[in-house]
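Please read this briefing with the sequence and the structure side by side, and look up each residue as it is mentioned. The points are grouped by topic, so that each group can be checked on its own.

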Amino acid sequence: MTGTAAAQDHAALMDKVYRGQRHIYDFTRKYYLFGRDRLIRDLDAAPGMAVLEVGCGTGRNLELIAGAWPGVACHGFDISTEMLKSAAARLGESARLAQGDATRFDSNALFGCEGFDRVVLSYTLSMIPGWQAALNQAAAALNPDGVLHAVDFGDLSGLPFPLRSALRAWLAKFHVSPRLDLPSVAARLAEEQGLRLEVKCGPLGYYQMVRLYR
Ligand SMILES: C[S@@+](CC[C@H](N)C(=O)[O-])C[C@H]1O[C@@H](n2cnc3c(N)ncnc32)[C@H](O)[C@@H]1O
């Protein structure tokens, strides 16, 4: 299968997952996508900075980012046009939105921007088949002094076994695969692109956070 055909298949799959789910997404995900508010608090953005969320979903994070860090220019893209309908309805003119594939996006073609001061990946890598390429591209889109912030599921090691395996099985139904090698892949990338890496873990290993500083 060509890269374009695979991307089209993945876009169709994400639309299928989220066509109905997007209407209950924000309410339901607040109970299990932990660490997103911490990521937003830690962004340390300043007025005039350009922020990009890769896989912005319903626009929930971009709305909170704009509120927490006034004066930033918010950008988001997603492979799912269904999710983008929710994001556009929520954000209106306050953010620039586009449809794109995280594994091969071109910031200039999508937004007319060369790079971003903050790039956010929130519970997106665990849904992208070629997630290593997506991380690589997101880091490459950082401006000098820019920071990439990623949050995603961790190894869930602090959860009791039945709960851990039930959660993993349930996530798999939504095509979510926790990326347990995220820290080592990010470390390799940091070395290749000359970035500084920070890795943090959420309580009970529920989520992991990666920051890459250019
Ligand atoms: C679990 S949702 C997270 C949405 C949002 N970031 C949040 O924290 O609420 C995952 C999002 O990633 C998007 N996605 C999956 N694969 C993608 C890809 N290859 N390129 C861009 N977006 C993708 C999905 O369409 C979905 O909106």
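**Charged pairs**

Arginine 104 is partly exposed, because its relative accessible area is 42%, a value that lies between the limits of 20% for buried and 50% for exposed. The model described here is a predicted one. Its partner in a salt bridge is aspartate 101, with 3.6 Å between the closest N and O atoms, and aspartate 101 is buried, at a relative accessible area of 14%.

- Side chains of opposite charge can pair when their charged atoms come close.
- The count of salt bridges in this model comes to ten, and one of them joins arginine 211 to aspartate 42, where the closest N and O atoms are 2.8 Å apart.
- This pair links distant parts of the chain, since arginine 211 belongs to strand S7 (residues 207-213) while aspartate 42 sits in the loop between helix H3 (36-41) and S1, and the two are 169 residues apart.
- Arginine 211 is buried, with a relative accessible area of 12%, whereas aspartate 42 is partly exposed, with a relative accessible area of 29%.
- Arginine 211 also forms a salt bridge with glutamate 198, and here the closest N and O atoms are 3.2 Å apart.
- Glutamate 198 counts as partly exposed, with a relative accessibility of 23%.
- A network of salt bridges links Arg19, Arg22, Glu82 and Lys85.

**The sheet**

- Seven strands form an open sheet with mixed pairing, and their order across the sheet is S3-S2-S1-S4-S5-S7-S6.
- Strand S3 (95-99) and strand S6 (196-201) stand at the edges, and each has a single partner strand, so one side of each is left without a neighbour in the sheet.
- From one strand to the next, the twist averages 15°.
- Strand S1 (residues 50-54) and strand S2 (residues 73-78) run parallel and are joined by five bridges.
- Within this pair of strands, alanine 50 stands opposite alanine 73 in S2, and glutamate 53 stands opposite glycine 76 in S2.
- Strand S2 is mostly covered, as five of its six residues are buried.
- In a regular strand the side chains alternate between the two faces of the sheet.

- Asparagine 61 is found in helix H4 (residues 60-68), and it is buried because its relative accessible area is 6%, which is under the limit of 20%.
- The side chain of asparagine 61 makes a polar contact of 2.9 Å with the side chain of glutamate 53.
- When its neighbours within four places in sequence are left aside, asparagine 61 is in contact with Arg36, Ile40, Glu53 and Ser122.

**Around the ligand**

- There are 22 residues around the ligand, and those that come nearest are Arg36, Glu53, Gly55, Asp78 and Ser122.
- An N or O atom in the side chain of asparagine 61 is 2.9 Å from an oxygen atom of the ligand, while a polar side-chain atom of tyrosine 25 lies 2.8 Å from an oxygen atom of the ligand.
- In the case of glycine 55, a backbone N or O atom lies 2.8 Å from a nitrogen atom of the ligand.

**Backbone angles in two loops**

- Most residues other than glycine have a negative phi, and most peptide bonds are trans.
- Aspartate 44 has a positive phi of about 55° although it is not a glycine, and its place is in the loop between H3 and S1.
- Aspartate 44 is exposed, because its relative accessible area is 54%, a value over the limit of 50%.
- Histidine 175, which is found in the loop between helix H8 (161-173) and helix H9 (182-193), is a residue other than glycine with a positive phi, near 65°.
- Histidine 175 is partly exposed, with a relative accessible area of 38%.

Methods: Residues numbered from 1 in each chain as written. Predicted model: local features only at pLDDT ≥ 70, side-chain atom pairs only at ≥ 80, totals over all residues. Heavy atoms only, no water. Pairing = 2+ DSSP bridges. Helix = DSSP H or I, 4+ residues; strand = E, 2+ residues; numbered from the N terminus. Axes fitted to C-alpha atoms, helices over the stretch in contact; angles between N-to-C directions. Buried < 20%, exposed > 50% of the residue type's maximum accessible area, 1.4 Å probe, protein only. Polar contact = N/O pair within 3.5 Å; in protein donor to acceptor, adjacent residues only side chain to side chain. Contact = heavy atoms within 4.5 Å. Salt bridge = Lys/Arg side-chain N within 4 Å of Asp/Glu carboxyl O. Near = heavy atom within 4 Å.
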